[in-house]
Amino acid sequence: MNRISRRKWIATGLSATAGIAGLGAAAKLAQKYGLIPPDHGGLYGPGETLTYAAMRVLTKHSMAREFSRDQISKRPFPNELAPFSEEFKRQQAAKFTEWRLAVDGMVTRPASFSVDQLKGYPAHSQITEIACEEGWSYIAEWNGVRLSHVLDMVGVLPQAKYVVYRSIETDWWDSLDMAEALHPQTFITYGMNGDELAVANGGPLRMRVPRQLGYKNVKFLTRLTVTDDLKKFGKGLGSASPEAGYAWYAGI
């Protein structure tokens with residue numbers, strides 16, 4: 001059975017099982033094929049599992065829609081930010097020359113990258129839409145380095161399952177599975193619309209995950225941690241936790 005037909009068979013099985021025997025049975029089928037999201041427990045767990053499993057089977061290699069340059073929004077929406085920490089203000093005053101992105105965890109070569117170092121790696125751009133769970137959206141050209149390139153630089157161990165990424169702002173973090181982390185449209189972004197990435201839009205560094213909702217696109221990145229278990233990072237699954245009504249997988 002080839003890879004595509006096998007994917008279709010699994011997805012059909014998940015859908016059929018959900019329809020005939022319920023979400024719980026479909027979740028068990030997803031578990032058999034290693035398609036369980038971290039928030040599979042709780043009242044909505046089986047539904048989250050079915051959503052994640054079906055999306056991973058059918059859309060693992062799909063691309064977010066890219067737009068033409070004349071479709072770029074004239075006024076990108078910068079949502080409201082909390083007051084910045086003193087450390088952020090210090091970094092901003094230094095024009096982010098001291099800013100570092102640390103990469104650690106399940107890697108063979110832990111490292112720390114400056115913004116200029118990241119700009120020295122192969123640059124890529126995409127014109128994609130960022131869609132917020134609050135209802136607003138805009139289209140912009142995003143410039144940056146692929147997350148997959150940075151992960152290649154540090155040598156991810158084969159048993160790794162997730163990449164946790166943190167903001168300089170306290171308690172602001174989220175995570176991706178390795179499939180999303182290695183996707184060619186997942187960027188560490190440092191530019192927007194031909195200019196530096198403005199602070200209002202997450203500069204100097206922002207995670208850009210165009211196949212997922214806005215809350216997965218964490219601003220002011222300072223650390224990536226590669227791991228095989230998210231439980232060690234706290235009760236929730238990130239700044240947008242299930243306790244706050246958010247799903248860990250925010251695919252669109």
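**Figure 1. Thr186 and its side-chain contact with the backbone of Glu180.** In this predicted model, the side chain of Thr186 reaches the backbone oxygen of Glu180 at 2.7 Å. Thr186 is placed in the loop that runs between helix H7 (178–181) and strand E7 (187–192), and because its relative accessibility is 1%, below the 20% limit, Thr186 counts as buried. Beyond its neighbours within four places in sequence, the residues in contact with Thr186 are Val145, Arg146, Leu147, Leu176, Glu180, Ala181, Met207, Arg208 and Val209.

**Figure 2. Lys216 and the side chain of Asp174.** The side chains of Lys216 and Asp174 make a polar contact at 2.6 Å. Lys216 belongs to the loop between E9 and E10, and with a relative accessible area of 1% it is buried. When neighbours within four places in sequence are left aside, Lys216 is in contact with Tyr165, Asp174, Ser175, Leu176, Met207, Val209, Trp248 and Ala250. A further pairing that can be followed in this view is that of Lys216 with Tyr249, for which the C-alpha atoms lie 8.8 Å apart in space while the residues are 33 apart in sequence.

**Figure 3. Asp177 in strand E6.** Asp177 lies in strand E6, which spans residues 173–177, and its relative accessibility of 6% places it among the buried residues. Leaving aside neighbours within four places in sequence, Asp177 is in contact with Tyr52, Arg56, Lys161, Tyr162 and Trp248.

Figure 4. Not counting residues up to four places away in sequence, Leu118 touches Leu101, Phe113, Val145, Val150, Ile188, Tyr190 and Leu205. As background, nonpolar side chains in soluble globular proteins tend to be buried together.

Figure 5. Thr189 is found in strand E7, and it is buried, with a relative accessible area of 0%. Thr189 and Arg206 are separated by 17 residues in sequence, yet their C-alpha atoms are 5.1 Å apart in space. Residues up to four places away in sequence being excluded, Thr189 touches Trp142, Asn143, Gly144, Leu197, Pro204, Leu205, Arg206 and Arg208.

Figure 6. Most residues other than glycine have a negative phi, and most peptide bonds are trans. The peptide bond from Gly203 to Pro204 is cis, with omega near 15°, and Pro204 itself is placed in the loop between strand E8 (195–196) and strand E9 (206–208). Asn193, although not a glycine, has a positive phi of about 55°; Asn193 lies in the loop between E7 and E8 and, at 32% relative accessibility, counts as partly exposed. Phe220, also a residue other than glycine, has a positive phi near 60°. Phe220 is found in the loop between E9 and E10, where its relative accessible area of 1% makes it buried.

**Figure 7. The second largest pocket and its lining.** About 420 Å³ of space lies in this pocket, which is lined by 23 residues. Of these lining residues, Asn79, Glu133, Glu134, Trp172 and Tyr215 lie nearest the centre of the pocket. Sorted by class, the lining has 13 nonpolar, four polar and six charged residues.

**Figure 8. The whole chain, as a setting for the close-up views.** The protein chain of this predicted model contains seven helices and 10 strands. Of its 252 residues, 47% count as buried. Among the contacts in the chain with a separation of 6 or more, 67% are accounted for by residues 24 or more positions apart.

Methods. Residues numbered from 1 in each chain as written. Predicted model: local features only at pLDDT ≥ 70, side-chain atom pairs only at ≥ 80, totals over all residues. Heavy atoms only, no water. 1 Å grid on protein atoms, 1.4 Å probe; cavity = no way out; pocket = protein on both sides within 12 Å on 5 of 7 lines; lining within 4 Å. Points joined across faces, edges and corners; volume = space filled by probe spheres on them. Nonpolar A, V, L, I, M, F, W, Y, C, P; charged D, E, K, R; others polar. Helix = DSSP H or I, 4+ residues; strand = E, 2+ residues; numbered from the N terminus. Buried < 20%, exposed > 50% of the residue type's maximum accessible area, 1.4 Å probe, protein only. Polar contact = N/O pair within 3.5 Å; in protein donor to acceptor, adjacent residues only side chain to side chain. Contact = heavy atoms within 4.5 Å.
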